[in-house]
Amino acid sequence: MPTKPAAPIDITATDAWKALSAHYAELQEQGISLKDWFAADPDRVSKLTFSTADLHFDLSKNLVTDKTVGLLLDLCRAAGVEERRDAMFAGEHINTTEDRAVFHTGLRRPADEKGKFIVDGADAVADVHEVLDKMYAFAERVRSGEWKGVTGKKIENVVSIGIGGSDLGPVMIYEALKANLSGPACRFVSNIDPNDIAEKVKGLDPETTLMIVVSKTFTTLETITNAKMARWWLLDSLRKAGAIDDSADKEAEAIAKHFVAVSTNLELVADFGIDPVNAFGFWSWVGGRYSVDSAVGLALILAYGKETFQELLAGFHDMDVYFQDTPLEQNVIALMAMINIWYNNFFEYETHAVLPYNQYLHRFAAYLQQLTMESNGKSVRWDGSPVTCGTGEIFWGEPGTNGQHAFYQLIHQGTKPVPADFIAFVNSANPITCEGQDVHELFLGNFLAQTKALAFGKTADEVRAEGTPEWIVPARCFTGNRPTTSIFGTELNAHSLGELIALYEHITFVEGVVWGIDSFDQWGVELGKQLAKQITPALHDDEALAAQDASTKALIEFYRANRK
Ligand code: F6P
């Protein structure tokens, strides 16, 4: 049983919070004008520009002055962010409600750090590298064709079955690096909606398909159900093709050759019928949404190879080192997190857009939604006491430029300001010149134009000067002062992607510490899971139906009346 930890400080009662409140009121009174702030301070951009190994950050178009930054850093210190960061990096049990260490940073530590981190009594880095070596060896066998399906054919396709943290990270990275695919093509099945698996196995040859069942607990309804459907599909189609007979031995051989698992629960893996030899473990100290760089990323090694995965881990690790070693004043991770707190808790902006100008990052916002919202969408603090201020920003987004033609209208002129992170890369994986135009430059022109428009807007006089009729002038004005951060990388590759993910992991962490919440549990997903188990029988069972509330009953009656 976890023991109750000491209460976090009430961040809203600190001098730093009070000073920020006063500063906020003062700014409101003076009026916020990015235009004026830029004009008054020629060093504004350089003061708010930061670099990590692969990424360049421009924070200058945020609604902050030198004073704001100083006060936000005071708040960060008052919250004890540095101390808790060091506790996390040391593998302490900072996941209080589950009494678990939080040591995903150990997943990317290099092999020469073996022996340095004893977590829960074991040498964590040694354990990590043992599994990595096993994954690399397995992936090499599959990629080279040495590993064969039950009929002796090379594996050409991989289906990775998982959900939440056991899906979003692998699929996001798989899509992000697709320009360099060098192994089997991967498909990802997550939804328990049978439409998902039905579409994903369409056109696949079972003789050349490998299934990876990814589940930290190996109890998740969606994943286990999908894994069972995949097992049925594989055996049934192999039988129909005459590739295997009905014997139990042949079925077991087919499963052994076509199913592997990733889990912390190797007993349940064996119960499912997957040979533990073909299972890749991880540990309770890896949260699901922080697990893509564990064995959960196995599909990525199959698709891209060992070197790419090592580069990804190196990118994560470089960002970890940066986060731990860079003084707060220069630490872009801490600054971005604290600016988010500034908007969330003082301006009371509720949502935060993440807008990658790179089509390969089309699943990045979905990935971030689990990372940030499952981590920080909480109403109680790590000792069970209620939170003392708003928590959990709502993250959302789509790749630019598609978003420009959908929801940017609201970001530019709506009544609900949306702070936004714009992400782009200097070099494109597909450098194309069309009719003399470098298309990537056309794309980047949009990336640059949007943050400029949002920051500096367009005045009524500027609109009038274009000959606009007076009554239409207001509709064509842009207030400006809509905050953005620009993240510009040199190119989207495994290393820069590792940095980008670790950036958001640590931003999420800092925000959680300031709010005093346990960012590593997710009790909020439990009730719905329990109720689904109780309600499902009511779809066909009258006794179970009678036990439902009036609204659920009415919905089920609609279902029964219309089911074909
Ligand atoms: O939705 C809750 C959750 O527990 C996530 O935190 C997790 O990533 C996902 O389900 C999948 O869990 P598992 O890997 O155990 O199947």
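Okay, one term before we start. A residue is buried under 20% relative accessible area, exposed over 50%, and partly exposed in between. Keep that in mind. Also, this is a predicted model.

Let's talk salt bridges. Side chains of opposite charge can pair when their charged atoms come close. This structure holds 28 salt bridges. I'll pick a few.

Start with Glu 470 and Arg 464. They form a salt bridge, with the closest N and O atoms 2.9 Å apart. Arg 464 has 36% relative accessibility, so we call Arg 464 partly exposed. Glu 470 is partly exposed too, at 47%.

Next, helix H9, residues 221–240. Lys 240 and Asp 236 both sit in this helix, 4 residues apart, about one turn. Their side chains meet in a salt bridge, 2.8 Å from N to O. Buried or exposed? Lys 240 is at 67%, so Lys 240 counts as exposed. Asp 236 is at 15%, so Asp 236 counts as buried.

Now Asp 521 and Lys 378. Their closest N and O atoms are 2.8 Å apart in a salt bridge. This pair links distant parts of the chain, 143 residues apart. Asp 521 lies in the loop between helices H19 and H20, and Lys 378 in the loop between helix H15 and strand E11. Asp 521 is buried, at 4%. Lys 378 is buried as well, at 13%.

There's also a network. Salt bridges link Arg 108, Asp 293, Asp 320 and Glu 505.

Last, something nonpolar. Ile 432, Val 439 and Leu 442 form a surface patch, with about 250 Å² of accessible area together. Ile 432 is in the loop between strands E12 and E13. At 48%, Ile 432 is partly exposed.

Note on methods. Residues are numbered from 1 along each chain as its sequence is written. This is a predicted model: local features need pLDDT of at least 70, side-chain atom pairs count only at pLDDT 80 or more; totals for chains, interfaces and linings use all residues. Side-chain values use heavy atoms; hydrogens and water are left out. Patches are made of residues with over 30% relative accessible area and no salt bridge: like charges are joined within 9 Å, nonpolar side chains (Val, Leu, Ile, Met, Phe, Trp, Tyr) within 5 Å. Accessible areas come from the Shrake-Rupley method with a 1.4 Å probe; for residues, only the protein chains shown count as cover. A salt bridge is a side-chain nitrogen of Lys or Arg within 4 Å of a carboxyl oxygen of Asp or Glu. Helices (H or I, at least four residues) and strands (E, at least two) are DSSP runs, numbered from the N terminus. Buried means under 20% relative accessible area, exposed over 50%, partly exposed in between (1.4 Å probe, protein chains only).
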